[in-house]
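Here are a few exercises to work through with the model open beside you. Try each one before reading its solution.

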Amino acid sequence: MTPPDRLQDLVAQLRPRLRNVLGVTIGKGGEGKTTTGVTLSHMLSQEQQNLAEQGHEAKPVLYIELDSNGNGRLDLKVLGGEFDDEGHSFVGAVTEDKDFTVVRNVKPYLDMTVAGPANSGLAAEISRLASKYAQAPYLMLAMLLAQISHHYAWIVVDFSPGDVSVQRLGLAAVTHLVTPIKNADDGMLGGLQTIANLVAEVRLINPELGIAAIGFLGFKKIDGKATGELDIVREKIELLLERAGLDPNLVMQDHIREAPKLATVSRNNGMPARELALAANEMLLDESGNPVPRPRYDNGRLVEPDKALNLSEDWTKFTGDVIDRVMSRNNELEGAAA
Ligand SMILES: Nc1ncnc2c1ncn2[C@@H]1O[C@H](COP(=O)(O)OP(=O)(O)OP(=O)(O)O)[C@@H](O)[C@H]1O
Ligand SMILES: [Mg+2]
């Protein structure tokens, strides 16, 4: 077993290198973690591309999924392709000291690790190691990322509600949590409570972890505004946060509008919201500089350019708000460490 003071020394050394690591999670499936993780990563990578084009320093963004459904492969168009190893190399790197391989440039300035069926072995392996070495195995992803984080502007980790040991692995590696909410039921409230409890529970292996933002997706917007349905959900969440001793202002004001059909086209074409909007407006160019064909719904109808643009603009605002909150948390953390 690692003595607690040695563990604390290691954690203290790792923390400053992980302040550009964001986690997207909630203790419940199907709330939009992967959509949020991928779209946020893509928006951030586009910002870096813009910086590079203006002659400024720019670094890529890394998207990491821990879930064995590996839906990020669909969202970023690597499913079944030459780099899709179904998660084997990632799991090997975390649990067996194998090479940490990333797929570079899945989109400009965006790299990813591949998740798939092999990730289902992660939970058992981490719990087995934890039974031998207590808390230390939860730090394995944190240690890997601390070695590469300086190559990246941001690292975004999308992780699963399913297993406590995988959740701890993710929670030890990230500094800022972004929690997406798509459902209005009590299951979602339970999932949020789980996250609030876990943040408190992992203090020893991650004293800097905190929720940076809670955002909604898939709720109606009328004339750019939320409807009563979302107001009710928002009140319930603010109450839950107050009871957990957390700031109700963690809940973001703006939200991602309901657009299930666009979300499906986006996933099925491996085009995050911004790309879908560009393609629908014939502004996305292929390698030869020609516009890619306008995307279509399953029924063959063309995606409406304005609808795709509205959804993309929601995500742009969402990303800006998340990053403002993350930067302000980082200022506090740096101040506290100085
Ligand atoms: N703006 C939106 N409006 C409505 N539905 C949406 C929107 N964005 C995404 N969705 C849909 O939400 C569903 C769940 O999304 P996603 O796969 O991102 O969730 P998840 O939390 O990663 O799920 P899992 O726990 O299975 O990994 C998907 O079917 C997706 O198409
Ligand atoms: Mg997912």
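This is a predicted model: local features need pLDDT of at least 70, side-chain atom pairs count only at pLDDT 80 or more; totals for chains, interfaces and linings use all residues.

In which sense do strand β2 (residues 61–65) and β5 pair, and over how many bridges? Residues are numbered from 1 along each chain as its sequence is written, while chains are lettered from A and ligands numbered from 1 in the order in which they are written.

**Solution.** Start with the terms: helices (H or I, at least four residues) and strands (E, at least two) are DSSP runs, numbered from the N terminus. Two strands pair if DSSP finds at least two bridges between them. Here β2 and β5 run parallel, with 5 bridges. To see one of them, look at Tyr63, whose partner in β5 is Val156.

**Exercise 1.** Find the bridges between strand β1 (residues 21–24) and β5, and give their sense.

**Solution.** Count 4 bridges, again in the parallel sense. Then pick out Val24, which is bridged to Asp158 of β5.

**Exercise 2.** Work out why β5 (residues 154–158) is largely enclosed by the rest of the structure.

**Solution.** First, the cut-offs: a residue is buried if 20 or more other C-beta atoms lie within 10 Å of its own, exposed if 12 or fewer, and partly exposed in between, with C-beta atoms placed from the backbone. Next, check the strand: 5 of its 5 residues are buried, so β5 is largely enclosed. Finally, look at each face: Trp154, Val156 and Asp158 are buried on one side, and Ile155 and Val157 on the other.

**Exercise 3.** Classify Thr194 as buried, partly exposed or exposed.

**Solution.** Locate Thr194 in helix α8 (residues 186–201). Thr194 has 17 other C-beta atoms within 10 Å, so call it partly exposed. For a sense of distance, Thr194 and Leu51 sit 38 Å apart, C-alpha to C-alpha, and 143 residues apart in sequence.

**Exercise 4.** Describe the shell of residues around ligand 1.

**Solution.** There are 20 residues around ligand 1 (C-beta atom, placed from the backbone, within 6 Å of it). Gly29, Thr34, Thr35, Gly218 and Ala263 come nearest. Now look at the elements: α2 (33–53), β7 (210–219) and α10 (260–269) each supply at least two shell residues, and α10 gives the most, with 4.

Terms used
Ala, Val, Leu, Ile, Met, Phe, Trp, Tyr, Cys and Pro count as nonpolar, Asp, Glu, Lys and Arg as charged, and the others, Gly among them, as polar.
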